[in-house]
There are 6 protein chains.
Amino acid sequence: MTPLWIDERITYDGRQLVSHFAYRRYGVMGDVIVGFRGPADVRISEMVDLEDVRQVAPISSDEMLHFLIEMFEVRLGQMVWVQRFFILILFEHLTRYISREKLSRDGDDIFYDGRKLSVSIATVSPLSGLVHTALNIKPTGAPIPISCLEEMGIDPTEFGRTVMEAFCVEVEGMDKARTKVRWVE
Amino acid sequence: MTPLWIDERITYDGRQLVSHFAYRRYGVMGDVIVGFRGPADVRISEMVDLEDVRQVAPISSDEMLHFLIEMFEVRLGQMVWVQRFFILILFEHLTRYISREKLSRDGDDIFYDGRKLSVSIATVSPLSGLVHTALNIKPTGAPIPISCLEEMGIDPTEFGRTVMEAFCVEVEGMDKARTKVRWVE
Amino acid sequence: MTPLWIDERITYDGRQLVSHFAYRRYGVMGDVIVGFRGPADVRISEMVDLEDVRQVAPISSDEMLHFLIEMFEVRLGQMVWVQRFFILILFEHLTRYISREKLSRDGDDIFYDGRKLSVSIATVSPLSGLVHTALNIKPTGAPIPISCLEEMGIDPTEFGRTVMEAFCVEVEGMDKARTKVRWVE
Amino acid sequence: MTPLWIDERITYDGRQLVSHFAYRRYGVMGDVIVGFRGPADVRISEMVDLEDVRQVAPISSDEMLHFLIEMFEVRLGQMVWVQRFFILILFEHLTRYISREKLSRDGDDIFYDGRKLSVSIATVSPLSGLVHTALNIKPTGAPIPISCLEEMGIDPTEFGRTVMEAFCVEVEGMDKARTKVRWVE
Amino acid sequence: MTPLWIDERITYDGRQLVSHFAYRRYGVMGDVIVGFRGPADVRISEMVDLEDVRQVAPISSDEMLHFLIEMFEVRLGQMVWVQRFFILILFEHLTRYISREKLSRDGDDIFYDGRKLSVSIATVSPLSGLVHTALNIKPTGAPIPISCLEEMGIDPTEFGRTVMEAFCVEVEGMDKARTKVRWVE
Amino acid sequence: MTPLWIDERITYDGRQLVSHFAYRRYGVMGDVIVGFRGPADVRISEMVDLEDVRQVAPISSDEMLHFLIEMFEVRLGQMVWVQRFFILILFEHLTRYISREKLSRDGDDIFYDGRKLSVSIATVSPLSGLVHTALNIKPTGAPIPISCLEEMGIDPTEFGRTVMEAFCVEVEGMDKARTKVRWVE
């Protein structure tokens with residue numbers, strides 16, 4: 001798992017959640033977690049979460065901290081664990097800055113002060129498992145009341161880089177764990 | 001995923017980390033998380049973590065809160081994600097009781113006040129993925145300095161039941177997430 | 001596996017054999033067997049069976065009892081067993097109404113009185129395994145001589161609902177069977 | 001899938017349900033369905049069905065028609081479909097000889113005249129999926145009231161060979177079906 | 001694995017690397033290795049190797065010996081082994097005609113006299129694993145200096161047929177090897 | 001894939017073909033190819049190839065160059081490709097030292113001057129795929145006429161190290177190839 005922070009701002013419109021995003025645009029091969037900043041503006045036709053499609057609930061926010069994870073030959077059944085785990089890593093890191101009482105979580109959604117901080121989805125291409133997770137940086141542009149990193153006093157870039165590196169360390173640890181246990185009956 | 005709390009005390013000696021533990025002894029079928037209290041006393045010959053075997057580091061503690069997870073037809077590559085995720089769920093729950101600064105985590109190990117609180121291992125049988133995780137309840141019986149739920153003022157049974165139920169809710173959520181997203185290119 | 005009977009008539013033109021048909025249109029999540037009535041009219045460009053494509057053998061029938069099965073993360077190698085098993089369930093149920101001698105089967109095709117009663121195909125999307133099976137209700141609209149439920153005196157809706165529920169009971173039984181056997185050497 | 005009829009009588013005591021039974025003893029390689037006649041006498045320690053173990057319900061019958069199926073690199077989740085499918089093939093063949101009203105089925109159990117005719121189990125070795133299914137030939141030797149092929153007037157050897165060959169034809173058909181459909185979205 | 005030599009000349013433009021190529025056009029079902037002669041002219045939009053896409057390195061050659069391999073339900077992780085193995089089979093066969101010193105190999109690329117002789121790619125469709133490998137027959141039409149079978153004095157058709165048959169024998173041997181070993185601890 | 005050359009001589013008696021051999025004895029974690037020198041003396045009870053067991057053909061040789069490959073979570077169906085590929089790598093390297101005409105290969109067996117040079121087997125543990133391949137170093141100790149590296153003038157240790165490193169480079173290349181191709185329809 002390679003962490004890749006992209007300095008240029010990218011508008012996330014859903015088409016970034018696709019196989020080989022990091023390789024095609026930045027030449028980074030293999031399992032990767034990409035981070036960048038930019039608005040989110042996903043039209044219904046690009047939505048991956050069919051629950052949102054059914055409820056005609058497009059995603060938008062004026063400025064977000066985005067993460068894209070790609071893991072090759074990982075199926076959706078495993079990828080939802082990767083996604084949920086990453087949400088918990090984000091949550092764990094947030095508790096370093098923010099009082100635990102003001103944070104809450106419901107599945108893949110993180111809340112600050114009762115307002116939604118995050119969006120997240122996991123899916124697959126025929127070649128890889130994919131996750132998109134994003135945290136609001138600014139309080140504007142969303143169809144519902146949201147919280148954001150700005151009001152929490154958290155620097156998005158520094159936070160993003162830190163979480164990505166921590167995630168890669170976790171993955172490395174799990175890769176090793178796979179190969180040092182005997183099986184049981 | 002069914003939560004199964006066992007009231008009888010069981011000495012965990014490693015032989016409980018085996019396929020169908022819940023079904024053979026309690027008639028509970030399918031994916032399950034089992035919780036119980038009791039000492040831990042795992043001899044080298046029963047150790048699953050070969051790193052511990054290499055370092056001749058047997059596991060013992062006078063009283064622990066044990067969790068056993070069994071998931072059928074899940075391979076080790078996914079089971080290490082299940083394990084790490086469960087550790088984060090434990091951690092998240094602990095932060096409800098304990099000041100965040102006194103808690104830390106290094107991979108699958110949770111620390112309180114700098115002393116080790118937990119042990120954990122993931123492995124497979126030819127039929128299922130298996131996790132054992134346990135938290136010290138009392139401060140005695142371990143070969144190294146440990147922390148324990150007692151000094152943290154946490155009731156083991158209540159904590160255990162709460163975490164198990166929360167874990168099952170998470171799994172249910174992930175099972176649903178698997179079936180409501182379209183694939184991407 | 002959830003049984004979902006749809007009262008509205010739907011023309012099966014092949015585009016229903018797609019991932020998330022039940023969820024997108026009816027909000028039913030997860031593994032599902034859908035039943036409905038309506039004509040079949042599948043153009044060559046929508047055919048899934050390449051043997052039919054090669055022989056330019058489009059599928060049509062004026063009124064059919066349709067079944068769609070979707071099972072998430074099941075590959076084609078297993079899905080052909082699901083399909084064949086479902087055909088046998090249909091056959092078994094037909095023998096409750098119809099003299100055994102008048103019924104025959106050749107792979108996935110059921111015949112009554114020597115005339116074809118059924119069509120069936122199994123395939124996959126990148127997310128799920130899919131089966132379409134349909135029985136003629138009326139004798140008209142097909143390019144070959146066919147038999148139909150009408151001449152057999154079988155009520156399509158009642159028959160459809162009964163078979164779907166029976167199939168779900170079977171699947172539930174197999175799910176349990178998976179978790180109650182020890183492995184062997 | 002190769003059909004292998006063994007003329008020698010073999011006592012089925014559970015140890016035949018093991019990988020490479022056909023290859024080790026008869027030199028037949030690969031996916032195979034083996035048929036033979038002989039008593040069944042399975043002690044609790046050899047039982048694969050843990051439900052029977054829990055209920056201390058050993059299996060015995062003085063003379064049975066046995067089938068063993070081995071499929072390499074097939075997991076239990078698929079093997080229970082293979083098992084259930086094979087039961088339906090047996091049932092379908094029985095309806096050629098016996099009035100449909102006198103036959104019934106409950107999951108993997110076939111009944112004649114309300115008495116149990118069959119036993120069946122599916123499991124895995126680390127290398128293959130395995131099924132054992134047997135039909136009583138004689139009415140004696142079982143702990144419960146049973147029916148048998150003798151009273152049904154069915155010749156066990158001829159019936160066994162016929163069913164095995166029919167099963168192999170079905171498997172061949174499914175193998176082909178796997179490779180002649182296009183995928184869908 | 002069926003060998004299929006096609007006598008008609010086909011221009012390989014990338015669209016042949018698709019599931020069911022052999023079945024759709026020639027009625028050959030199942031795992032297959034197809035061989036034919038013809039030019040190669042793959043535009044960037046049809047390129048499968050994203051490294052070549054990134055470097056804007058289209059593939060062309062006036063006359064090549066083409067091989068297409070399709071294996072159903074084989075994932076990319078295994079298919080890259082199939083590809084590399086096939087390259088080694090080609091190399092081994094070339095050493096029967098050509099002095100070993102004049103041949104070299106770097107991964108999937110074969111060189112004669114220091115000039116590139118081959119192109120090769122492995123990928124997947126949602127149903128199958130796919131490989132395209134081709135050897136230059138003539139020295140013209142490529143954007144880089146190439147070697148070719150003509151200058152090596154090798155008859156393309158005979159060489160192609162021989163290699164395809166040898167490959168099928170290898171695959172048959174591996175299929176058998178899968179079913180005649182016991183597992184170990 | 002890590003290459004691990006072991007300087008101490010080890011008698012290969014079959015018990016080395018087991019999961020975690022490199023980790024348990026030498027602390028090397030993960031996918032690994034191990035090389036060492038020593039006699040081979042495998043009793044029938046330790047044989048993995050059931051064909052040899054059936055023919056009561058034990059393996060022995062006074063001095064061999066041994067290779068053990070372990071790849072975690074790789075099944076037998078893929079491992080036989082790994083094995084065959086490694087044989088071809090050995091063969092390719094031998095042709096650098098030895099005239100091509102004196103070398104031949106039949107599946108996994110390499111011959112020099114018509115006499116057998118190698119033994120090889122692939123199998124699995126419940127956690128990993130495993131290969132053992134060995135080349136005779138001396139001409140003595142085998143039940144059949146053999147060839148050996150000594151008469152070929154090849155230094156076993158240097159040859160072993162070179163091949164192991166080349167193999168690791170190949171594996172690295174295939175790992176990358178997995179992540180740089182788009183999928184096709």
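**Ground rules**

I number residues from 1 along each chain as its sequence is written, and I letter chains from A and number ligands from 1 in the order in which they are written. Since the model is predicted, local features need pLDDT of at least 70 and side-chain atom pairs count only at pLDDT 80 or more, while totals for chains, interfaces and linings use all residues; side-chain values use heavy atoms, with hydrogens and water left out.

**Entry 1: chain A against chain B**

I began with contacts, meaning heavy atoms within 4.5 Å. I found 48 residues of chain A in contact with 48 residues of chain B. I then looked up the buried area, which is the accessible area (1.4 Å probe) that two parts lose on being put together, summed over both. For chain A and chain B that area is about 4300 Å², and carbon and sulfur atoms give 60% of it.

Next came the charged pairs. A salt bridge here is a side-chain nitrogen of Lys or Arg within 4 Å of a carboxyl oxygen of Asp or Glu. I noted 10 salt bridges across the interface of chain A and chain B. For polar contacts I took pairs of N or O atoms within 3.5 Å; within protein, one must be able to donate a hydrogen and the other to accept it, and residues adjacent in sequence count only if both atoms are side-chain atoms. That rule gives 30 residue pairs between chain A and chain B, both residues at pLDDT 80 or more.

Which elements of chain A give two or more residues to the side that touches chain B? They are α2 (50-54), α3 (76-94), β7 (118-124) and α5 (156-177). My helices (H or I, at least four residues) and strands (E, at least two) are DSSP runs, numbered from the N terminus. The largest share of that side, 12 residues, comes from α3(A). By class I read 26 nonpolar, 9 polar and 13 charged residues on it. For the classes, Ala, Val, Leu, Ile, Met, Phe, Trp, Tyr, Cys and Pro count as nonpolar, Asp, Glu, Lys and Arg as charged, and the others, Gly among them, as polar.

**Entry 2: Glu170(B)**

I wanted a closer look at one residue. Glu170(B) sits in helix α5 (residues 156-177) of chain B. Is Glu170(B) buried or exposed? Its relative accessible area is 8%, so Glu170(B) is buried; the cut-offs are under 20% for buried, over 50% for exposed and partly exposed in between (1.4 Å probe, protein chains only).

Leaving out residues up to four places away in sequence, I see Glu170(B) touching Arg84(A), Arg105(A), Gly107(A), Phe85(B) and Ile89(B). With Arg105(A), Glu170(B) forms a salt bridge at 2.6 Å, N to O.

I also checked chains C and D. Glu170(D) and Arg105(C) meet in a salt bridge, again with 2.6 Å from N to O. Glu170(D) lies in helix α5 (residues 156-177) of chain D and Arg105(C) in strand β4 (residues 103-106) of chain C, so this pair joins two chains. Glu170(D) is buried at 9% relative accessible area, and Arg105(C) is buried at 15%.

**Entry 3: chain B against chain D**

Here I counted 13 residues of chain B in contact with 10 residues of chain D. The buried area is about 970 Å², with 60% from carbon and sulfur atoms. In chain B, Tyr23(B), Glu73(B) and Trp183(B) lose the most area to chain D, together 53% of what that side buries.

How many salt bridges are there between chain B and chain D? The count is 1, and I noted Arg75(D) with Glu73(B), 3.5 Å from N to O. The polar contacts come to 5 residue pairs, both at pLDDT 80 or more. The side of chain B that touches chain D has 7 nonpolar, 2 polar and 4 charged residues.

**Entry 4: symmetry**

I superposed copies by least squares on the C-alpha atoms of residues with pLDDT of at least 70 in both. A rotation of 120° with 0.0 Å of shift along its axis brings chain B onto chain D, RMSD 0.0 Å. That is the relation of a three-fold axis. In chain B, the C-alpha of Pro126(B) is nearest the axis, 3.4 Å from it.
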